Amino acid sequence: MKKDKLTAYIHTWGCQMNVHDSEKIKGILKGEGYDISDTPDGASLVVLNTCSIREKAEQKFLSHLGKLSIQKKKQPELKIAVSGCIAQQQGKKLLKSHPSVDFSFGPQNIFNLKEFLYDEKRTAFTQEKDENTDIYQMQLPTHRDNDLRAWVNIMYGCNNYCSYCVVPYTRGRERSRPYGHIISEVKELARRGYKEITLLGQNVNSYNGNCTFAELLTMISEIEGIFRIRFITSHPKDLNEELAVTMGKTQKICNHIHLPLQSGSTGVLSLMNRNYTYEQYYNKIQLLRKHVPDIAITTDLIAGFPGETDNDHKETVRALKEIEFDGIFAFKYSPRPDTRAATMENQLDDSVKSQRLAEILSIADEITERKNKTLQGKRIEVLVEGKSETNAERWFGRAASNKIVNFSPDENTKRGMAVIVRITEGFKHSLDGELVV
């Protein structure tokens with residue numbers, strides 16, 4: 001039986017897919033009468049939406065769970081749920097090893113959350129999925145955290161099996177949503193006043209919902225009210241000229257792409273099972289810059305992959321200097337359960353990984369700051385997001401390139417407006433500017 005004044009707190013780790021999963025979890029809980037809290041204090045349900053892509057995220061989850069377990073001893077009525085990739089990976093073993101957890105469910109079983117809430121046997125978990133009720137076919141209620149920018153899943157799962165990655169094991173094989181479902185969702189978002197959407201998938205370039213990814217982008221661009229279209233993540237092996245041409249000729253598609261390189265060494269890329277060489281990746285970069293001359297390109301890099309030699313690392317450094325990314329996300333390699341890389345020989349010492357990561361980050365930061373400084377004096381269109389968290393007199397927004405721009409507002413400035421800002425200074429992680437009236 002439901003109780004009055006139910007409150008739920010959801011803590012999220014990991015990628016944009018996890019963030020959007022949490023929005024769906026909140027939507028289901030609100031439908032069951034829960035208020036969503038921004039703190040676990042006093043909550044009747046806490047959901048820990050986990051990530052297992054890196055060891056550090058898993059350690060943070062375990063630390064958080066330990067604190068909640070202590071809280072539960074003082075508050076026995078508190079329910080603790082674990083969702084996300086760790087839940088999918090460990091299944092019922094998680095319930096046995098952590099008795100404070102009442103139930104768990106993976107990304108493929110979010111639609112079962114309602115029944116899990118009322119399962120008193122504390123065995124509410126299934127790794128099996130019913131293809132007829134798969135999440136990719138369902139329109140789950142969504143409580144969105146942002147009223148300006150919205151996430152939209154276009155596909156789920158992954159078929160690539162990179163040797164370091166758990167995603168195919170936790171999110172299953174690729175399934176693309178029919179394009180009609182996506183168009184309907186985006187039209188509703190436009191009706192509700194959303195200005196920017198980000199299409200989500202583990203590999204959006206392999207979307208196959210009865211049209212190509214480029215065709216889907218074109219259809220979405222025709223929806224009135226949508227100001228900007230972004231997408232994440234792209235796999236280099238599937239990026240083609242059709243997409244590059246579509247990006248170049250379609251004004252609503254942002255001039256930004258996140259294209260994970262992972263390593264500048266073709267030998268290491270082969271060990272990673274990435275299915276492209278560095279030369280092929282570099283040629284894709286040139287293709288993008290040909291059709292979208294002002295494109296901002298960001299990437300992911302892994303430092304210290306098993307078997308990575310000093311020369312392999314130097315090739316990654318060379319790639320950084322040759323391509324000149326607008327920003328990077330770089331991490332030390334950490335072995336993950338069930339992945340081939342975890343059993344490879346020549347695992348590197350942590351000190352070596354740390355040293356290589358530090359060099360990668362230092363070089364990348366220098367490049368990013370230098371590129372940002374070249375924007376000084378230029379006029380850039382900015383979608384206003386609101387007041388700065390660090391300076392009460394400043395506001396901020398994003399350029400189409402996804403760069404954050406800080407500026408002083410005037411009396412007409414409002415959230416959701418598109419304004420022109422003249423860049424006065426470029427920094428490592430942001431731009432400063434002044435409104436052009």
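**Burial, exposure and helix packing in a predicted model**

Glu-185 touches Gln-139, Arg-144, Trp-151, Val-152 and Arg-177, where touching means heavy atoms within 4.5 Å and residues up to four places away in sequence are not counted. This is a predicted model, in which local features need pLDDT of at least 70 and side-chain atom pairs count only at pLDDT 80 or more, whereas totals for chains, interfaces and linings use all residues. Residues are numbered from 1 along each chain as its sequence is written, and side-chain values use heavy atoms, with hydrogens and water left out.

Reader: Why is Glu-185 called buried?
Author: Buried means under 20% relative accessible area, exposed over 50% and partly exposed in between, with a 1.4 Å probe and protein chains only; Glu-185 has 15% relative accessibility and therefore counts as buried. Glu-185 is found in helix H7, residues 179–191.

Reader: What makes the pair Glu-185 and Arg-177 a polar contact?
Author: The term requires a pair of N or O atoms within 3.5 Å, of which, within protein, one must be able to donate a hydrogen and the other to accept it, while residues adjacent in sequence count only if both atoms are side-chain atoms. The side chains of Glu-185 and Arg-177 are joined by such a contact at 2.7 Å.

Reader: Is Arg-230 buried or exposed, and how do you know?
Author: Arg-230 counts as buried, because its relative accessibility is 6%. Arg-230 lies in strand E10, residues 228–232, and a polar atom of its side chain is 2.9 Å from the backbone oxygen of Ala-400.

Reader: Which class does Asp-338 fall into, and why?
Author: With 53% relative accessibility, Asp-338 counts as exposed. Asp-338 is placed in the loop between strand E13 (327–332) and helix H13 (350–373), and, leaving aside residues up to four places away in sequence, Asp-338 touches Gln-89 and Tyr-169.

Reader: Why is H9 called roughly parallel to H11?
Author: Helix H9 (residues 241–249) and helix H11 (residues 278–291) pack at an angle of about 30°, their axes being 8 Å apart, and that angle makes H9 roughly parallel to H11, since angles under 35 degrees count as roughly parallel, over 145 as roughly antiparallel, 65 to 115 as roughly perpendicular and the rest as oblique.

Reader: Which residues make the contact between H9 and H11?
Author: From H9 come Glu-241, Ala-244, Val-245, Met-247 and Gly-248, and from H11 come Leu-287, Leu-288, Lys-290 and His-291.

Methods
Axes fitted to C-alpha atoms, helices over the stretch in contact; angles between N-to-C directions. Helix = DSSP H or I, 4+ residues; strand = E, 2+ residues; numbered from the N terminus.
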